[in-house]
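I wanted to look up a few things here and jot them down as I went.

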Amino acid sequence: MRKPLVAGNWKMNKTVEQARSLVEELLPGLQKVESVERVLCPPFTSLMPVSAMLMGSGIGVGAQDMHWEASGAYTGEISPQMVKELCQYVIIGHSERRTYFGETDESVHKKVLAALAVQLTPIVCVGETLNENKANRTAEVVGRQVVDGLKGIQPELFPRVVIAYEPVWAIGTGLAATSEDAVNVVRNIIRPALAGLYGPDTAQAVRVLYGGSVTSANAAEFFGDEIDGALVGGASLKPGEFVKIVEAAVR
Ligand code: PGA
């Protein structure tokens, strides 16, 4: 039985003071839903105060990206060890990183290996663009992202990986995928690609989330046999909304 997981990706929002207020508003509601793994991913500058506030709460903290190298001359970057000091999770390969900052399947792969090496849980994002979707290339693109991003991992470490299927056209647009389409991608593309890499049992053990315009109004439609939770952007900045999405993930 896979434990549901809902993560809030705050993206480039909230100063330290604003992050503190948001956590204060979120905590009472989030703490009640223990059967769901709950994760907050604030910007780097707020990881320290947010992780201090969440200590002992049962709610996890994640970074939104990191470098794969342990240390060195990489101006502006954060290492896996630095993330590990404050976080249990790290988002890797978000489509905004892929689109605006040159993230590739190759860099995703290096980051996933680096995250697992320091016992972080990587939340690895995959998803096709609108043009790819229209050209019926979803299977090819998502399949390639899964295989190239997640190959060559020690099989015993692999079940810690979390995958987020986020169709790029659904992110921040208010136009979520239909649950039927999302379930189809997870069932017919993502899990078979994982099975090809690590066998059917591992493919079934891995948690796969949906992301892209998830709200409290549509969240419940996604959660079920194939989809184990959500990676939430915009709605994760609204305390009432985010708590309701987490509640919808209870099995
Ligand atoms: P959204 O973002 O919920 O605002 O669409 C999702 C994401 O980028 O992870």
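Predicted model: local features only at pLDDT ≥ 70, side-chain atom pairs only at ≥ 80, totals over all residues.

How many aromatic pairs does the count come to? I went by ring centres: rings of Phe, Tyr and Trp (its six-membered ring) pair if their centres lie within 6.5 Å, and planes under 30 degrees apart count as stacked, over 60 as edge-to-face and the rest as tilted. By this rule I get 4 aromatic pairs.

Residues are numbered from 1 along each chain as its sequence is written, and side-chain values use heavy atoms, with hydrogens and water left out.

**Entry: rings**

I looked up Tyr-210 and Phe-222, an aromatic pair that is stacked, with 4.2 Å centre to centre and 5 degrees between the planes. The pair links distant parts of the chain, since Tyr-210 lies in strand β7 (residues 207–211) and Phe-222 in helix α10 (residues 219–222), 12 residues apart. For the record, helices (H or I, at least four residues) and strands (E, at least two) are DSSP runs, numbered from the N terminus.

Tyr-210 counts as buried because its relative accessibility is 1%, and Phe-222 counts as buried because its value is 2%. I also noted that ring pairs link Tyr-165, Tyr-210 and Phe-222 into a cluster.

**Entry: barrel**

Next I traced the strands, and found a closed barrel of 8 running β1-β2-β3-β4-β5-β6-β7-β8, with parallel pairing. Two strands pair if DSSP finds at least two bridges between them. Strand β1 (residues 5–9) and strand β2 (residues 37–41) pair in the parallel sense over 5 bridges, and I see Leu-5 opposite Glu-37 in β2.

**Entry: Arg-207**

Which strand holds Arg-207? I found Arg-207 in strand β7, and it counts as buried because its relative accessibility is 13%. The Arg-207 side chain reaches the backbone oxygen of Lys-3 at 3.0 Å. Leaving aside neighbours within four places in sequence, I list the contacts of Arg-207 (heavy atoms within 4.5 Å) as including Leu-5, Glu-37, Ile-163 and Asp-228. So Leu-5 and Glu-37, which stand opposite each other, both turn up here because contact means heavy atoms within 4.5 Å.

Notes
Buried < 20%, exposed > 50% of the residue type's maximum accessible area, 1.4 Å probe, protein only. Polar contact = N/O pair within 3.5 Å; in protein donor to acceptor, adjacent residues only side chain to side chain.
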